[in-house]
Amino acid sequence: MSADAPALAVSDLELVYRVRGVDRRVLRGVTFEIERGRSYGLVGESGCGKSTAALGIVRFLPRNGRISGGAISVAGRDVLALGSRELREYHARTVSMVYQNPGSALNPSLKVGTQIAEAFTVLGASRDEASDRSREALVRVQIADPGSVLGRYPHQLSGGMQQRVVIAMALAKDPALLILDEPTTGLDATVEAEVLDLVTQLQAELDTAVLFISHNLGVISKMCGRVGVLYAGRLVEEGPVDEVLRDPRHPYTVGLLRCIPRGGVRKDHGRLDTIPGFLPSLGADIAGCVYADRCALADERCRVDEPPLETVGARHASRCWHHDRARDLPRAEAADLELPKVDRVSTPLAELHGLTKVFQQRGQDVPALVDVSAAIWPGETLGLVGESGSGKTTLARTLLGIVAPTAGTAHLDGRELPVRYQKRSREELRALQIVFQNPDSALNRRHSVRRILLRSLRKLAGVGGADAEARMQDLAGRVRLTERTLTQKPVQLSGGLKQRVAIARAFAGEPKLVVCDEPTSALDVSVQAAILNLLVELQAEKRVAYLFISHDLGVVRYISDRIAVLYLGRLQELGPADVVFDGPHHPYTEALLSAVPTIDGGGRDRIKLEGDVPSAASPPSGCVFHTRCPRKVGAICEEQEPPLVEVEPEHHMRCHIPIEELRRLQAIA
Amino acid sequence: MSDVVLDADSGTPLRETRAARGERLRLLLRSPTVLIGTLVLAFWVFCAIFPGVAPYNPIFDNQFPTSAPPEWGHPFGTDTNGRDIFSRVLAGSRSILVIAPAATLLATVLGTALGLLTGYFRGIVDDGVSRLVDAVLSLPLIVAAILIVTAVGSTDQWVVILTIGLVFAPVISRTIRAAVLAETELEYVEAARLRGERSLYIMFSEILPNVFPLVVVEFTVRLGYAIFTVATLTFIGFGVQPPSPDWAAQINQYWTLIDPYWWMTLFPALAIASLVIAANLVSDGVREVYER
């Protein structure tokens, strides 16, 4: 091991997967380097080869995967030349990997302590020594009570705690290289922020090099010094993070940055940019630039000659013939829309009065919703935000009649809705529809798209025969499904197309209110932008209202007219989107907003939320947020639950701190 | 690990499912055990359809010297009625190849319906039916079958088919129920409810197609057991009766003479074994391919 060798050097890495007897190129000559103690981000949409690159580096490829060319060296050692014993040694001492889902990275049937100790005994520690060092490892990842955590099973820990445990194990060996593959994707923004802070801090302490894989440019910008943008297995742009994000020189990077709703952009400001077309199929033969098919700047030369990786700045390179014009990439703007005017004087479309839902869990009352009242008017979007477990989904399911409320009512067009969907009329079912988060499980995988849509038209719109056929064509056209798609089954479609089918299904009966439960969180950003555009278009056209649930605040802000913030089943804040986002806002909202890593960087200091969300079974006294509130004023917060009051016109908040005081405090921060 | 490949592919429209189906069949026939099983099954089915392949009449008495051991002219020997056992074995596949698949089919249909009902409705329906299923399963299936057949007291083939169908259905319903439970958690079921579909539609049109591969697997697995059970029942005197050349009926007729006339029992017994083993070889292959 030479002292000055980079922590990781990948050069001209070629990797293939053998599918149905044919080798398909997944990585096409990828080259990058990570210096000791530095962090490097790898971004790109799913299928670009990010995770494959990581698997190649640790040599954990699936059986049909093979490195067909190039070189990888970690801390000066040639990884590809390692024999099976050396490879074990390499895994045990040199490199660590943290995966997206900590729940499945931990063994569910072994106590946390046993699992961490294993990481040390592999390195030759005795049993006692290993248990001592496990304790230290947990302290290192800022787990306050290591003794009790060691004795617990993984499922008894929250997602954030699990990920800390995994990180503790990964760092047990002081690795030369730590690979984090979407380590925070499944976590809430507040937990994500904590985990990211932790990684930053540990990295500084341990001088470990980090390869950070993420689809989230905000996270990359926060965590990494340098970034590489992967597309179809090609590194298309590489450079210092702030420079790449500020001055992107590859049309793909430009496109990625443009399709993210950020900087307070809203649906009435304009449409989101999208990246047209699809990723080339796995291992396709591409003569010219890998991105040419989807690039608005592409010309004859791009399709024939592959551009070299050209230096465009200090240690900043782009693989584009037109890198100097990349920023002028024409925008794929759709026609301007006239959004419905929302008239909040008339009767609301849907009203919730004192909605309460208490689940029974092992004889214990677990309140998931507590006295939630809200209204949605025709043509508007009510955004619903809050950490997981805040009751967002329960609220939506109660409105839809899937869950019966313990108390309270829901009204539609001024009439009380039957509690359960079974008792609702066709009219009422038709009026309330839902688009689910995961289109894979939301569409019947054995039914063709045509069948799915025809059936919905039949049941919801009451049309059959030739009429239905015509209506289906119309419906499919409106969500931009092609004729070919109609005959296919969901497995044959990409995630974005599947979600379009799900949207078409919800719109079959001309609904009045569509619940969108994280409809884009399973999708890539470019696809997300297209789906959001579609939803906004449909809203403009049909005056449909949305109840939009999302943990992505940028997305919520883009699409919502008003926002409701839930915490432990209680409405904490409700108001127009701009007011809720720009403040003064509820301390919880403030913390949520500050937890989101932004691409634009800078901005406010993050407000740290201490600890996990308390258990809904035994919520804190007084204001339920007082245990984590950074602006807690005193005993009153612990003793009295503040009422939800209208602090400004149309802006409701549940906080003991007067609005003017909040305004002053938040202006300072 | 194969999901990595799928992940990498998810950005693009996937290939046709027809190709996948072709691939499945190819995989199935590539395995030598499945191939052998299929050939044996095909042979017996052929014999059942064309009884003319038997060189001599399998039923008429006294065509040959009685109780002759195997020799060139009669490779399996002759029986006490002077019939060629080789001809009788070839002709004897017919009844078992009708009764066993019919019974299995009945069991699969019943079991699938039960599994859908209990898995979909849960609650009282599930509790009630599941206790009943437990009760049936607490007895060895063969004992349960014998009890029912004896109680009915008829030796008609239909009784055997119905009995085996009833006795096997609970086992199948259990497997199907577990799969249905998992399916009902998926949002497409919720979406169907929210557009006002009836429960029967959701069970049979939405969920059933998704558990169908499992139904196929169950059918092939149970077929082997059914063949065995039919043979057992016939052996103890229910179902087909002599002078039918049915294998189990032959064993029933001659097993007391096994010493010294071993050939009268051995060859029909081997035939039954070959059929059960062939069915199991095929079912193993099917299961592997579907559950991959």
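In which order do the strands of the open sheet of 4 strands in chain A lie? The order is β2-β1-β4-β5, with antiparallel pairing; strands are DSSP runs of E of at least two residues, helices are runs of H or I of at least four, and both are numbered from the N terminus. Two strands pair if DSSP finds at least two bridges between them.

This is a predicted model, in which local features need pLDDT of at least 70 and side-chain atom pairs count only at pLDDT 80 or more, while totals for chains, interfaces and linings use all residues. Residues are numbered from 1 along each chain as its sequence is written, chains are lettered from A and ligands numbered from 1 in the order in which they are written, and side-chain values use heavy atoms, with hydrogens and water left out.

Select β2 (22-34) and β5 (77-78) of chain A, the edge strands, each of which pairs on one side only.

Next, select α19 (residues 495-506) and α20 (residues 525-542) of chain A, which pack at an angle of about 20° with axes 10 Å apart. Axes are lines fitted to C-alpha atoms, for helices over the stretch in contact (heavy atoms within 4.5 Å), and angles run from 0 to 180 degrees between N-to-C directions. The two helices α19(A) and α20(A) are therefore roughly parallel (an angle under 35 degrees).

Finally, select α23 (residues 587-595) of chain A: 9 of its 9 residues are buried (under 20% relative accessible area, 1.4 Å probe, protein chains only).

Key. Angles under 35 degrees count as roughly parallel, over 145 as roughly antiparallel, 65 to 115 as roughly perpendicular and the rest as oblique. Buried means under 20% relative accessible area, exposed over 50%, partly exposed in between (1.4 Å probe, protein chains only).
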